[in-house]
Amino acid sequence: MSATRLDTFRVLLKEFYEAPYRGAIARAKRDEDDLFMLFVYAELLGIPNPATYYTLELQPILLERFHEWHTRMGLEHSPLDHFRCC
Amino acid sequence: MSGTLAWDWSTHPLITSGVVNSLIDRRILFVGGKGGVGKTTTAAALATMAAERGRSCLLVSTDPAHSLGDIFGQNIGDQETLLAPDLTALEIDPDYEAKTHIATVKEQMKSFVHPRLYSEIDRQLNLATHTPGATEAALLERVAELMATAGVRYDLVIFDTAPSGHTVRLLSLPEVMSAWTDGLLKRRRQSARFSTLLGNLTGGRQKGDDLSLLDTPTDYESGSVEERVNNLLTARRRKFTTAREYLLDNTISAFLLVLNADRLSILESQKVVETLAGFDVSVSALIVNRFLTDTIPASGEFIDARRAQQNKYLKQIDDVFRGLPRTIVPLQSHDVHGLEALRGIGSELLKP
């Protein structure tokens with residue numbers, strides 16, 4: 001077996017073991033981020049948020065992710081009548 | 001007047017001028033109590049006393065219906081106003097605070113979206129100004145900031161608070177809010193941990209994973225969304241934690257409860273003491289204000305009946321608030337107005 005083929009084999013083998021974990025961790029992380037988005041935008045969805053005043057300042061920063069988030073949450077369009085991102 | 005009912009307050013072991021001295025030696029002093037018992041007057045008298053002893057003092061009114069300016073006969077408003085040497089006063093306007101905060105957020109939001117959406121942002125955020133708690137949160141924010149200036153810009157910061165219920169809420173908020181920001185920060189940390197794990201796996205992030213929220217390095221890149229979110233949350237948390245630390249440290253802060261010798265005032269003060277205890281904040285001393293003392297030269301059937309009743313209530317105060325140092329301020333013949341009158345109240349506070 002030539003050296004390059006051995007290398008390819010090694011990479012593939014590593015991939016074979018790691019790929020499932022990578023997917024799982026990536027999903028877990030995305031769930032964390034989604035939960036965080038929910039905390040920040042809770043009030044906009046009608047869920048009372050004890051700290052709206054404080055999370056308000058986070059909203060502009062996270063705005064660029066708002067669209068991805070609401071589509072992933074199963075809402076095709078922005079859930080806000082008066083706040084359209086799409 | 002019946003001699004047996006007269007409370008010999010001058011020999012009461014708990015009354016010492018040392019109480020007041022130790023109060024104004026601290027960095028932060030909250031003056032609270034039921035509406036109309038004389039909180040503002042007491043706070044103003046203590047501030048005047050401290051200032052005249054050379055301790056630079058900031059007197060802050062958190063009551064939405066401000067009356068500090070009326071006592072000093074001068075406009076104060078939402079900015080630190082020098083009233084006398086070492087004596088500065090401030091009347092917090094929480095509505096103005098909330099509006100400024102929301103205006104800042106609006107401006108930030110507008111930098112992210114197309115100008116045609118500006119009106120949407122305005123509409124959305126104008127609603128936020130009216131959410132329950134927005135002014136309360138704004139007030140807390142300001143109080144926390146001012147508490148941090150105690151010992152730095154001023155030797156002593158005295159808060160003349162709004163009637164009891166409001167104050168209790170204000171003092172409990174730092175605990176609630178820091179728990180809340182902690183929750184948010186924990187979510188961020190968890191997310192960052194997953195990022196690190198991902199980075200450690202070969203290949204790390206790969207194209208086609210289609211998990212767009214992944215592009216988040218653990219050591220937050222400067223200027224990144226993660227870093228900005230984290231910075232804001234941490235700054236908030238620090239503010240709340242400091243406020244709470246100061247509140248709980250009774251070498252730094254003291255809570256002074258003003259009450260009158262009447263039934264409702266005693267009952268409400270009792271609730272305040274209990275509720276504050278629930279948040280680990282203890283009341284340092286009581287001021288029994290507007291007391292018809294034996295030294296006040298007045299008599300007649302009506303006055304005697306009042307005196308007898310007040311003495312009965314004073315006894316009750318001593319039973320209910322056992323162990324709490326207290327001092328008595330006699331009822332004044334005239335309204336307290338201006339520095340001279342406040343000095344008079346101050347000397348009453350110091351009387352043994």
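A residue counts here as buried if 20 or more other C-beta atoms lie within 10 Å of its own. By that rule, buried residues make up 27% of the 86 residues in chain A. The structure is a predicted model. Chain A has three helices and zero strands, and its pattern along the sequence is α-α-α.

Chain B contains an open sheet. Eight strands form this sheet, in the order β3-β4-β2-β5-β1-β6-β7-β8, and their pairing is mixed. At the edges stand β3 (81–84) and β8 (326–330) of chain B, each of which pairs on one side only. Direction ignored, neighbouring strands are turned against each other by 25 degrees on average. Helix α11 (residues 338–350) of chain B packs on the sheet, where it touches β3 and β8 of chain B. The direction of α11(B) makes about 135 degrees with that of β8(B).

In the strand order, β6(B) sits between β1 and β7. Strand β1 (residues 28–33) of chain B runs parallel to β6(B), and six bridges join the two. Along this pair, Ile28(B) has Ser253(B) as its bridge partner, while Gly33(B) stands opposite Val258(B). With strand β7 (residues 285–291) of chain B, β6(B) again pairs in the parallel sense, this time over five bridges. One of the pairs there is Leu256(B) with Ala285(B).

Between β6(B) and β7(B) comes helix α9 (residues 263–278) of chain B, and the three elements make a right-handed β-α-β unit. Helix α9(B) lies across β1 and β6 of chain B, and runs at about 160 degrees to β6(B).

How many residues of β6(B) are buried? Eight of its eight residues are, and the strand is described as mostly covered. In a regular strand the side chains alternate between the two faces of the sheet. On one side of β6(B) are Ser253(B), Phe255(B), Leu257(B) and Leu259(B). On the other are Ala254(B), Leu256(B), Val258(B) and Asn260(B). The residues on both sides are all buried, so both faces of the strand are covered.

In soluble globular proteins, nonpolar side chains tend to be buried together. The largest nonpolar core here has 95 residues, of which Leu29(B), Val157(B) and Ile158(B) touch the most other members. Helix α6(B) gives the most to this core, with nine residues. Leaving aside neighbours within four places in sequence, Val157(B) is in contact with residues including Ile28(B), Leu58(B), Val60(B), Leu146(B) and Met147(B).

Last comes the contact between the chains. It takes 38 residues from chain B and 33 residues from chain A. On the side of chain B that touches chain A, α4 (94–110), α5 (118–129), α6 (134–149), α7 (164–200) and α8 (225–248) each supply at least two residues. Of these, α7(B) gives the most, with 11 residues. The residues on this side of chain B divide into 22 nonpolar, nine polar and seven charged.

Terms used
Residues are numbered from 1 along each chain as its sequence is written. Chains are lettered from A and ligands numbered from 1 in the order in which they are written. This is a predicted model: local features need pLDDT of at least 70, side-chain atom pairs count only at pLDDT 80 or more; totals for chains, interfaces and linings use all residues. A residue is buried if 20 or more other C-beta atoms lie within 10 Å of its own, exposed if 12 or fewer, and partly exposed in between; C-beta atoms are placed from the backbone. Helices (H or I, at least four residues) and strands (E, at least two) are DSSP runs, numbered from the N terminus. Two strands pair if DSSP finds at least two bridges between them. A crossover is right-handed if, with the strands pointing away from the viewer, the path from the first strand over the helix to the second runs clockwise. Two residues are in contact if their C-beta atoms, placed from the backbone, lie within 7 Å. Ala, Val, Leu, Ile, Met, Phe, Trp, Tyr, Cys and Pro count as nonpolar, Asp, Glu, Lys and Arg as charged, and the others, Gly among them, as polar. A nonpolar core is a set of buried Ala, Val, Leu, Ile, Met, Phe, Trp, Tyr and Cys residues joined through C-beta atoms within 7 Å. Axes are lines fitted to C-alpha atoms, for helices over the stretch in contact, and angles run from 0 to 180 degrees between N-to-C directions.
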